[in-house]
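Me: I want to learn how to read the interface in a model with two chains. Can you take me through one?

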Protein chains: 2
Amino acid sequence: MAATASNKRVILKRYVTGFLSEDDMEVVTTEAPPLAVPAGSEAVVVKNLYVSCDPYMRNRMTRHEMPSYVPDFVPGEVLANFGVMRVISSGHPDFKAGDLVWGITGWEEYTVINNPESLFRINHPKLPLSYYTGILGMPGLTAYAGFFEVSKPKKGDYVFISAASGAVGQIVGQLAKIIGCYVVGSAGSDEKVSLLKTKFGFNDAFNYRKEPDLKAALRRYFPEGIDIYFENVGGETLDAVLPNMRLGGRIAACGMISQYNLEWPEGVKNLFYIVTKRLRMEGFLVFDFYDKYYQFEEEMARYLKEGKVAYVEDVVEGLDAAPAALIKLFTGRNVGKQLVAIARE
Amino acid sequence: MAATASNKRVILKRYVTGFLSEDDMEVVTTEAPPLAVPAGSEAVVVKNLYVSCDPYMRNRMTRHEMPSYVPDFVPGEVLANFGVMRVISSGHPDFKAGDLVWGITGWEEYTVINNPESLFRINHPKLPLSYYTGILGMPGLTAYAGFFEVSKPKKGDYVFISAASGAVGQIVGQLAKIIGCYVVGSAGSDEKVSLLKTKFGFNDAFNYRKEPDLKAALRRYFPEGIDIYFENVGGETLDAVLPNMRLGGRIAACGMISQYNLEWPEGVKNLFYIVTKRLRMEGFLVFDFYDKYYQFEEEMARYLKEGKVAYVEDVVEGLDAAPAALIKLFTGRNVGKQLVAIARE
């Protein structure tokens, strides 16, 4: 195992303002870290197989006045996000060379992970490993926890999901169908709408780019109103949803992707409906639900093996393609969960 | 008892757009209704003693496209709101002439109430009767239910209250102090700020009109952040609060008075903090807590008798003064709970 292997990596070139562009990132090749953990260290060295592209990464590329829930990226340093990895050297008693894990890693070929306690074991390696960047990983747990723990669904509830064909939305919709909800999703292309209706079994779906009056569209799709809105986009979609909520409705605020590239977020005007309709809008972050991960993994692995949920990925090959893949999330050109295959074993 | 008594009343002249003005209402004198209930009717006839001026009345003066939680007022018809009344004739088995009650009545001298089930009995008539338009009535229950049931306070929580010297705010702040919270309120004049700090025992208070940067002011008053925001005003105050909330904070959305006279509400830009700080923002209406009223009445009456809570009213005399009194709520010129004394017994 050569200590002098090279390490291709994606670094942040500068803090980003406005719309993210490929120029904000750079793919460089440096010397790899020592691929064996020094004696006495509890670190592990991993070979990265897949890394996930997630919208929240954009927030980390802006310098924040006040610390956010995750540290800002640093110009000149490697990007980091959830990935699927093979342990190649371990100083930690819980891991050994050859183990498959997922967790936060670098956008690079090899990474030294100094806090291996943050890693999750992969218990279903016969399912596609890449799924652990998505339906079996962070976005899957996000969908599961956000839907069941935050929006408190009941059979028969009317559920609306924005960005519904994305990593989280497609899973929320299928979980909602499993427990007997009526589910409508919005997405930004006819191809995605077709996926929602056929592959994911949503009751209905629409292309928001073709709806000049989103509030009226929602009234058409939900003549009885919306019990649960799974919020992935924010801004004017949220404004159109609020008047369409039912009394006592719940809004699980998972993300607001429409706002991440705006220097000044759009104002949401219809918040008074929170009072008049007694709505509960609650934000959540997947980190707060990590203790439920292995229970979730078993349940979702079973659904996958039984064919009860479908899953669509958008995979690009190699780190050179990673910056463009990340940007696709914000232009809406990805179809399904976006990820990068760094090494296929 | 003359069936031909006259009845002074305040009617809505026209649907209101923009800022409410006295011209939108009219005080007229008509013939009183028959002051004895006809045989067979279950109605009651009441003499109105006090009526309450509440911000939500403004919402009922606009014609709504979609039905709201309370019906719109109708031009040409009498305004209605919570009041304190003496029953003068009753066809209902639960009430008899002479009973003191509170509930929804007309802005007039005499009212026939066709649904007496909606009335509450007054069990502490030795306390000032006018208190049943406020601390012992709807605003009191609003404060009590919104604070305890919606914002779920714990001892030591940092609590911020806007419109803090108003009918609801002054009560929320004192309840919060009773259970050991740290309480800061904002209000729109130095006189009100002084009331908050002295009479109501808030830990601190400030005049928002003197704070050019509300977000910075809140950071000064809450260096540790805010656990509970009791929302009475909306708009830019909410925008300044959101970045100052602590992880897991709660926003009890009671009202948004800053928005009621605007044709287009202000946009709230900082909603993404709901995600990153895992906030819960929940609206509520007092109607949902009516079943707790008599329990609340006993508790609050005890606090009043023991001197544990103070209460400040702003009373105008007579229905002729009622339109101007209602408008004071929106210019912020009332000090304490605004009400109209129609008849003092």
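Me: Which residue stands opposite Met281(A) in strand 13 of chain B?

Reply: First, the ground rules. This is a predicted model, where local features need pLDDT of at least 70, side-chain atom pairs count only at pLDDT 80 or more, and totals for chains, interfaces and linings use all residues. Residues are numbered from 1 along each chain as its sequence is written, chains are lettered from A in the order in which they are written, and side-chain values use heavy atoms, without hydrogens and water. Strands are DSSP runs (E, at least two residues), numbered from the N terminus; helices are runs of H or I, at least four residues. Two strands pair if DSSP finds at least two bridges between them. Here 3 bridges join strand 13 of chain A to strand 13 (residues 280-283) of chain B, and they run antiparallel. Met281(A) faces Met281(B).

Me: How many residues does each chain bring to the contact?

Reply: Contact means heavy atoms within 4.5 Å. Chain A gives 33 residues and chain B gives 33.

Me: What area do chain A and chain B bury between them?

Reply: Interface size is often given as the accessible area lost when the parts come together. That loss uses a 1.4 Å probe and is summed over both parts. Here it is about 2,800 Å², with 65% on carbon and sulfur atoms. Phe272(A), Val275(A) and Arg278(A) supply 21% of the area chain A buries against chain B, more than any other three residues.

Me: Which residue forms a salt bridge with Arg278(A)?

Reply: A salt bridge puts a side-chain nitrogen of Lys or Arg within 4 Å of a carboxyl oxygen of Asp or Glu. Between chain A and chain B there are 2. Arg278(A) pairs with Asp288(B), their closest N and O atoms 2.7 Å apart.

Key:
Buried area = accessible area lost by both parts, 1.4 Å probe.
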